[in-house]
Structures are given as C-alpha cells and as structure tokens.
Amino acid sequence: MAKTETLYRWQEALHTPVSAAWMQTLRQNAWQAYQDMADPLPPQRNLRKAPILDREGLQVPGAGSFSDALKERQQSWQFAAALVQDNGAEVALTLPQEVQAQGVILTSLKTALEQHSDLVQSHFGTACAPTATRAVALNAACWQGGLFLYVPKNIELQLPVYFLQSLSTAQSALLSRSLVVVERGAKVSLVLDSWSDGDNGAYVSDVLEVIAGDGAQVQLVALQAWSTQAHVETVRQSKLGRDAHCTDLQVTTGAAYHHASNLVDLMQNGANTRLLGLTLGSRQAWYRQDTLQNHLCPHTQSKLVYHSVLRDQAYSFYNGMIYVDKVAQQTESYQLSRNLLLSDASRADAIPNLEIFADDVQSGHGASIGGLDPDQRFYLMSRGFDRRTAEDLIVEGFMEEVILQLDNEVLIEQVKHHLAMYLLGQEPEEEA
Amino acid sequence: MQNNDACLIIKDLHANVGDKPILKGVNLTIGAGEKHALMGPNGSGKSTLSNVLMGHPNYTITSGEVIFRGENLLELAPDERARKGLFLAFQYPVSIPGVKVFQFLRNMLQSRRGTDVSVRDFRKLLKEKMGLLNMREEFVKRYLNEGFSGGEKKRHEILQMALLEPALALLDETDSGLDIDALKTVCESINAVAATNPDMGLLIITHYQRMLNYIQPDFVHILFEGRIVKSGGKELALELEANGYELIEKQFRQPVSV
Ligand SMILES: Nc1ncnc2c1ncn2[C@@H]1O[C@H](COP(=O)(O)OP(=O)(O)OP(=O)(O)O)[C@@H](O)[C@H]1O
Ligand SMILES: [Mg+2]
C-alpha cells in the first residue's frame, strides 16, 4: 500500500487527544510511523487469498451500552474482578473491595492514564513497542478501548480477571490497547472475551502486552468470538522475567478474517511459556496465526500446541517461529500445529520455522494437516455410535487435548462450557 | 450348546481391498451359544474377515451373503451392526486422544441399550466388570487407548464386551500382548460373560492353543489364503500346535499365476 494512503475518516476521528501528555506524544509518533511504514510483504507462499475489508465505509463506534446479551455473557464466567467495554467505552466494572485492598488495579487504559499515569508510562510499550509493525503503530495512534491490569508483588488471585469487549455499532472500527503488569511472585489469570452479535462488517485491532516479573505466574485465555463479518488483527506480546510462567490459550471461533500474533519473549533464566491454540473455522473464515517463542536466555522453556478444526470453506495459516539466541543454552522448545479438515473445501497451511543459534538445546516441531482418521471413526461406530456422533467425539477429543493443558480446573470447565455453547449455535450448519 | 438357531451364517463371501481379493469364498455358520476358533497363518485374512463382518469401509464385498440373526448384515452400517449385538474386539485398537474412557464406555452402553444409564448405575456395573478383569479404577480416567500397554488395550476391549453383552463376539487375537496371568484373567472374564449370556456366539481368532485351553471351542476352523480349508473339533487346534501350518500349506497352497 502506498505511503500516501488516504486518511480515512474514522482514523482521523479516533486519533484524538488523551489525558497524559506523554501518551499524546507517543500517539503522534505512532501515527507518523504508521504513515511512513509500508505494509509488510506477504509470506512467500501460495496462501489462500484473504478477504478484503472496505475500510472507507467504516464509522467511529457510537456510545457503548451494557446490553442484556453482554450481561448474560459476563454471568457465564466466575471471576475475581471484571471489566466490560462496548464500542471501546467502559460500561461495567466489578472490582470487589477485598481485591482492591490488595492493591490490584483494574481499569480502562484511558482511566489509568488519568489515575496512574507514571505507572502506566513505566511499562507501556516495553513488551510490545508502539511502532513494532504498521498495524501496531495504527493501534497505538488510535486506540480507544483496552484495559490496564496491575497485580502487585506476591498477590495471588484465585479466580480469573474477566475482560469483555464488544462492538455494537455496525460497520465500525474498534481499536484497543491493553497493558497487563504482573509483579514479582504474583499470580493471575485473565480471560479476554471478545464478542459481537450479528454479521456486520467491522474492523477490530486489539493489542495487549503482558509484563510478567520474576517468578510471576500468568494465564491468559483469549476467546475470539467477533461477528462473522469482522476483520480482526490481534497482537499479544508477553515479556517474561526470571522463572516467570505464562500460559496462553487462544480460542478462535469468530470473524471473517483474523490475523493473530502471539509472541513471547523469554527474557530471563528459567522463564517458561506454554502457548495453546484452538481454532474452529467455519463458513469462509480466513485465519492466520503468527507465533514467536523467543528464547533469549539459558534454561528457558516453551511449548506450543495449536489445533485447528476447519469446516465449510474455512482456511487457516499457521506461521510459527522458534528463535533461540546463541546465549540461550539448555533451553527446551517445542512447536506443534495440527489441522483437522472436515470438508473438501476447507484448507490449512502450516509453516513451522526454527532459528537456533545455541548448540546445547532441545527442540522439536511438527505439523500435520488431514481429515478425520477413518480408523478412529470405524472404531467408534463399531461400538454403536452413529457416524455424526463418532465424528463429533473425535473432534471434541482433538480440542480437549489442547484445553486440558491449561492446568486450571476452573478455566478448563469454563472454556469447555463456552465451546459447547458455541458448537450448539453451530448445529444448523450441516456438512456437505 | 444351548440351541441351534443360527447366529451368523456366512455364505461364499468374497472381499477385496482395492483390486486385491483377500477373502475368496468364506463359508461359516455359528449357532447361538457356540464357540468357534479361527486359526490360520499370518496374512490369511482373519482380521479382514472380522473387519468385513463389522463393516470396515476399506473392504469391498464382491459376492456372497452374511445373515446375522435373520438379517442381511451387509446392508447395515457398522453402528447398526453394533446396536444389533455384533461385537469386535480389535487386534490393534486405535487410540482416540482427548476422549475419556469413562464417558466413552457409558455412551457406548447407552447406545447399545437405547436408554439412559444413570452415572450411579453405570459406576456400579463398571466396578463389577473391571473387578472381574483385574483392572484398576483409575483406568477409566484415561483417554481411549492412548498410551495403553498392549495388555491394557486387550483388557479394555474385553471390558467393552462384558458391558455390551453382545449376541456375537469376534475376538481378534485377544491373546496377543497378554502375559500368562493376564491371559487367564481375560479368558475367565470371557467365560463369565458367556456363562451369563448362554446364547452368545463366539469367534475366537488366535494363533495359539494357549487361549483355547481356557475357552474350550466347539469348533475349530483353519483359514488359509482367504478360504476356510479345514474345520474340526478342538483336537484340530492341538494338531496345528504340534505340526504348524506346513501340512496345510502343502495341501492347499494355490498355484500363483504370474
Ligand atoms: N487395508 C488393507 N490394505 C491393504 N492390504 C490389506 C489391508 N487389509 C488387509 N490387507 C492384506 O490382506 C491380507 C490379509 O490380512 P489380514 O490382516 O486379514 O491377515 P490376518 O490373517 O489377520 O494376519 P495376522 O495373523 O498377521 O493378523 C494381507 O496380505 C494384508 O496385507
Ligand atoms: Mg490379524
């Protein structure tokens, strides 16, 4: 795309001042960078063509509201604290006194700039630089929504923090930027739930950075259930300190187009991450997942397992990278992408990449793309399960393999419940 | 023998994998309550026969007929065959990751019975059957055949048989992968199922006499190059054990056309 790209109406409208001066400067610089940067080249690979969104027609989202549908969705989760945003604006906040008393901060990022500007400034952009890519720069320049979560040293929250984002104006653009800071020895899980109703086109850009201090334990569960015509770009980047532990599950079920980047920087000895992905594609969904397991120190570990189940004409492109720096000796890294194609028109591509510069490491990777195993189906049918049930069981098992690696009973049950609800909604779509 | 109603009648059954004929005219009748042993060298078509009877999609029936309890078996989908009382204990059971044994077994029983089985009733039944097979309760928390040892897979197959109480059970080399003690336990369970279901027919596929020491067959058949070439009583199995298949091969080897 040309550098002199037309400045769309909505982009100008969103590029409005925020309270903190430092952020205002940052936004202006990001805006400049966005305009100066060229779009990244597409991978040298014969991928299925991605659907194009006509950005000209998009509007700035209107005022947000806490609709019954959002209330219902929030109620299906158990949480220690919750924030709900619609159209990028905060519409509900639940922060019990006992959680607040521990020093936990949960607010919209905008509010955080007013109340905790210095704290935000000291961390903002340290995991994900505001001009890292063109899409990230646009996000930094124009973000409206997003949260700030701060968990002080040695504080442990047993139940998850729940963040629900929604978009209720049709044909609109939502950009949100979130910052999660988990201090040394603290422990938290965060559910990032994204949902919108109907089948209106929309552009969603969601960037979240996580800074995990030494020995911190973080679990992220991101549920992407945007409306079926949405175009979504997400970037999640985590920076892990010494012996910090981060598990990240990305569940992708919605949108017409979703380009997700899930990146983890293992910055200190002993940092450990588990990246899990579960993609359920149907209709003409086009998904791309870029992952980075970035080993920058010795004795770091990463394990990635991404499964996708594709029906109808759905498409998935997995593009993974394990990078092991030359100082990162005695690291363990693993990467697996498995793709189950349930229809003739569905398709998947997977490229696992390794760049390993240390010589004393363990690393493994693999990818598979294929249909249902006929022998598994036959085994189940020979036990009296009809064809449809047998296939559902195999698919559920395939998904379960990923979910169970969460190591958190409450989250496992809730993610399973969420998926069951999703699959129930899918029922009328019959296989060809 | 309990009664003489035929449980299974196979008439001149021919089946191919692709263009390659594997079964070349199998004839076999199993009466209700009868125990049959099927023996034969590697590659003679024993597993093919059991898979064809269960309805595996890899095989094409080119001619012949199979009547199961008065019905044309070949018209039915594998799951319908199962619900009508046919059971196959696989030689090599596949693993299905992420599917929990407990849920699998309970759903399986419900589909066979066509009614709900409460968790409480099911637990009770499961406990009893697992006790017979000397299986530990933790077993049902695992995933279907995932990481099971050879012996565990075979016990699990027989556990399913014990729960389903089929009208006809085909046991494809259930003895392989079992040590002596396990073989005894498993055979005793099979006998226990047979004792409580006196009309159940059994087709025991094996290479060895040792399983037949525990489960006395009424008939022994030898499958060779896709046909049953010899049938007899249990003495035939002893004879084979003593002499191997050499005599059979000499007598029945078809000239190979090149
Ligand atoms: N799916 C298949 N594809 C190709 N060939 C097959 C297939 N199934 C069976 N065969 C062939 O059919 C023949 C019979 O195989 P089968 O497994 O039925 O023998 P078996 O008597 O059970 O042998 P074993 O004692 O080793 O279990 C063999 O030559 C085998 O290679
Ligand atoms: Mg065999």
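**Predicted two-chain model: confidence, fold content and surface**

The scores of the model are ipTM 0.95 and pTM 0.87. The model is predicted: local features need pLDDT of at least 70, and side-chain atom pairs count only at pLDDT 80 or more, whereas totals for chains, interfaces and linings use all residues. Residues are numbered from 1 along each chain as its sequence is written, chains are lettered from A and ligands numbered from 1 in the order in which they are written, and side-chain values use heavy atoms, with hydrogens and water left out.

Chain A contains ten helices and 19 strands. Both kinds of element are DSSP runs numbered from the N terminus (helices H or I, at least four residues; strands E, at least two). The radius of gyration of chain A is 21 Å, close to the 22 Å of the globule rule for 432 residues, so chain A is as compact as a globular protein of that length. This radius is taken over C-alpha atoms, and the rule is 2.2 Å times the number of residues to the power 0.38. Along the principal axes, the C-alpha atoms of chain A fill a box of roughly 65 × 50 × 50 Å.

Of the 432 residues in chain A, 59% are buried, that is, under 20% relative accessible area (1.4 Å probe, protein chains only). Contacts are heavy atoms within 4.5 Å. In chain A, 84% of the contacts between residues at least 6 apart in sequence join residues at least 24 apart. The accessible surface of chain A is about 16,900 Å², and carbon and sulfur atoms hold 48% of it. Areas come from the Shrake-Rupley method with a 1.4 Å probe; for residues, only the protein chains shown count as cover.

Chain B has nine helices and ten strands. Its radius of gyration is 18 Å, which agrees with the value near 18 Å for a compact globule of 258 residues. The C-alpha trace of chain B spans about 60 × 40 × 40 Å along its principal axes. Buried residues form 53% of the 258 in chain B. The accessible surface of chain B is about 11,700 Å², with 47% belonging to carbon and sulfur atoms.

Methods:
Buried < 20%, exposed > 50% of the residue type's maximum accessible area, 1.4 Å probe, protein only.
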